[in-house]
Amino acid sequence: HLDGEAGGDTFAKVVRSQWGEKLLLAEGAAAALTGPLEELRGRVLIRMKNKDAWPQLGAIIALQNSTFRGCDNPAGYGPCNTSSISEDKLGKKLFRELGEDSIRDSHGEADDDDKLISPAEAAAAIKYNAERVTRVYPRALAVRSQNYSPLKAWEGGCGVAALNWQAAGEPMDVNGALFARHRSCGYVLKPQYQLPPFAPAAPTCTVRVTVVGVVAAAGATPKPPVRKLFFVRARVLSAHAHAFEADSPAFRLGNAPFVDAVLPAAAGVTPMLSFVRFELRQDTLAGSTLVGSCTHWLPGIKQGVRRFAFVDKSAANIDAAEYVLLASVALDVVKA
């Protein structure tokens, strides 16, 4: 929050001195944002509201945040404008307004969080977001810093999916897996089907997962067998397909178990924005407890049996980081 025009002027001076020629100024933003994206590499873009409030501040703002007032309202929606939508209004404001088909609910309920995106809705939203930046942020009622899945926002071509970074969990793991492609530098390019000329539909694939076993990690101190039962839950996360989930047979850690479980296939997955998540879970009378997990970008997984390191997620006596999963992930791509 800036303290009046004087604060805005001070902020503008600090920004100019810090980034110098790397800063994309307002006067050249329109030409730069409609040109080749490669020319923006290494440039710094300031995004802020009230661009014209103070002259010094307005001159350094390349992207002005505007209120989303409908997809058919062209006013203020040029290449230098962005808009923000809360995650609970994403379906109502973007996909439903633009889409030709209704969103299918994966559980037969009315909650937007569980709904899938139809191909027609995704294609229309992708074209809308190809000319502007849409930012999605957590709903106002997320008072405990709960996070939403960013998959729907990414699949609709939204440029920014803002999350509560203080809240660990599956959404943050998925976010980390996507940006790990470029060593977590902060951005990745959109898939080719989200860029002009747009493909008729996103390519899909069938995912086949085989859980070979769970063994001790290299360098871990050998431990006696654990009497409690564990199992591996494999999940394929995608905005278009139903959340795929399958469990391996139960086993005991420490016995070098090789379960060789071939799990059911997950079909209709768009690979470029889908993820595989493995969870090591302890079987209990009350259900199961998460011990450790790992999440990976689907196209980044090499074929054949691979080692997946677990990240410890629990306060249990079992350290998940001392074990690795042996599994294979195969993709049968169906071209559009």
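**Entry 1: pairing around β2**

I count two strands as paired if DSSP finds at least two bridges between them. The model I opened is predicted. I started with strand β2, residues 61-67. Which strands does β2 pair with, and in what sense? Strand β1, residues 46-48, pairs with β2 in the parallel sense, over three bridges. Strand β3, residues 81-86, also runs parallel to β2, and four bridges join them. I then followed glutamine 64 of β2. Methionine 48 stands opposite glutamine 64. In β3, the bridge partner of glutamine 64 is asparagine 81.

**Entry 2: the chain as a whole**

I took the overall counts next. The chain has seven helices and 17 strands. It runs to 336 residues, of which 44% count as buried. I also looked at sequence separation in the contacts. Taking pairs at least 6 apart in sequence, I found that 60% of the contacts join residues at least 24 apart.

**Entry 3: the five-stranded sheet**

I looked up the strand order of an open sheet. Its five strands come in the order β10-β9-β13-β14-β16, with antiparallel pairing. The edges are β10 (244-247) and β16 (311-312), each of which pairs on one side only. Within the sheet I took the pair β13 and β14. Strand β13 covers residues 275-284 and β14 covers residues 287-297; 10 bridges join them, and they run antiparallel. One bridge I checked by residue: arginine 281 has leucine 290 in β14 as its partner.

Which helix packs on this sheet? Helix α7, residues 170-179, does, and it touches β9 (230-237), β13 and β14. The direction of α7 makes about 20 degrees with that of β14. I listed the buried residues of α7: Pro171, Met172, Val174, Asn175, Ala177 and Leu178. These residues pack against β9, β13 and β14, and also against α6 (151-155).

**Entry 4: nonpolar cores**

I went to the largest nonpolar core, which has 32 residues. Which members touch the most others? They are Val207, Phe278, Phe310 and Leu325. Seven strands each supply at least two residues of this core: β8 (204-216), β9, β10, β12 (266-269), β13, β14 and β17 (323-334). The largest share, five residues, comes from β8.

Val211, Gly213, Val214 and Val232 are among them. Phe278, Arg306, Arg307, Phe308 and Phe310 complete the set. Apart from this core lies another, of 27 residues, including Ile85, Ile126, Met172 and Val188. Met172 is one of the buried residues of α7 noted above.

**Entry 5: aromatic pairs**

How many aromatic pairs does the structure hold? I found three. One is tryptophan 154 with phenylalanine 275, a tilted pair at 6.2 Å centre to centre and 50 degrees between the planes. It links distant parts of the chain, with tryptophan 154 in helix α6 and phenylalanine 275 in strand β13, 121 residues apart. Both residues, tryptophan 154 and phenylalanine 275, are buried.

Another pair is phenylalanine 278 with phenylalanine 308. Why is this pair tilted? The ring centres are 5.1 Å apart and the planes stand at 45 degrees, so the pair is tilted; planes have to be under 30 degrees apart to count as stacked and over 60 to count as edge-to-face. Phenylalanine 278 lies in β13 and phenylalanine 308 in strand β15 (residues 305-309), so the pair ties together parts that are 30 residues apart in sequence. I found phenylalanine 278 buried, and phenylalanine 308 as well. I also noted one aromatic cluster, formed by Trp154, Phe179 and Phe275.

**Entry 6: two single residues**

I looked at threonine 134, in strand β6 (residues 133-137). Is threonine 134 buried or exposed? Its relative accessibility is 0%, so threonine 134 counts as buried. The side chain of threonine 134 makes a polar contact with the side chain of asparagine 129, at 2.5 Å. Beyond four places in sequence, threonine 134 touches Ser83, Ile85, Tyr128, Asn129, Cys158, Gly159 and Val160.

I placed it in the loop between β5 (115-116) and α5 (119-129). I took one distance from it. Serine 118 and phenylalanine 95 are 9.0 Å apart, C-alpha to C-alpha, and 23 residues apart in sequence.

Key: Residues are numbered from 1 along each chain as its sequence is written. This is a predicted model: local features need pLDDT of at least 70, side-chain atom pairs count only at pLDDT 80 or more; totals for chains, interfaces and linings use all residues. Side-chain values use heavy atoms; hydrogens and water are left out. Contact means heavy atoms within 4.5 Å. Axes are lines fitted to C-alpha atoms, for helices over the stretch in contact, and angles run from 0 to 180 degrees between N-to-C directions. Buried means under 20% relative accessible area, exposed over 50%, partly exposed in between (1.4 Å probe, protein chains only). A polar contact is a pair of N or O atoms within 3.5 Å; within protein, one must be able to donate a hydrogen and the other to accept it, and residues adjacent in sequence count only if both atoms are side-chain atoms. A nonpolar core is a set of buried Ala, Val, Leu, Ile, Met, Phe, Trp, Tyr and Cys residues joined through side-chain atoms within 4.5 Å. Rings of Phe, Tyr and Trp (its six-membered ring) pair if their centres lie within 6.5 Å; planes under 30 degrees apart count as stacked, over 60 as edge-to-face and the rest as tilted.
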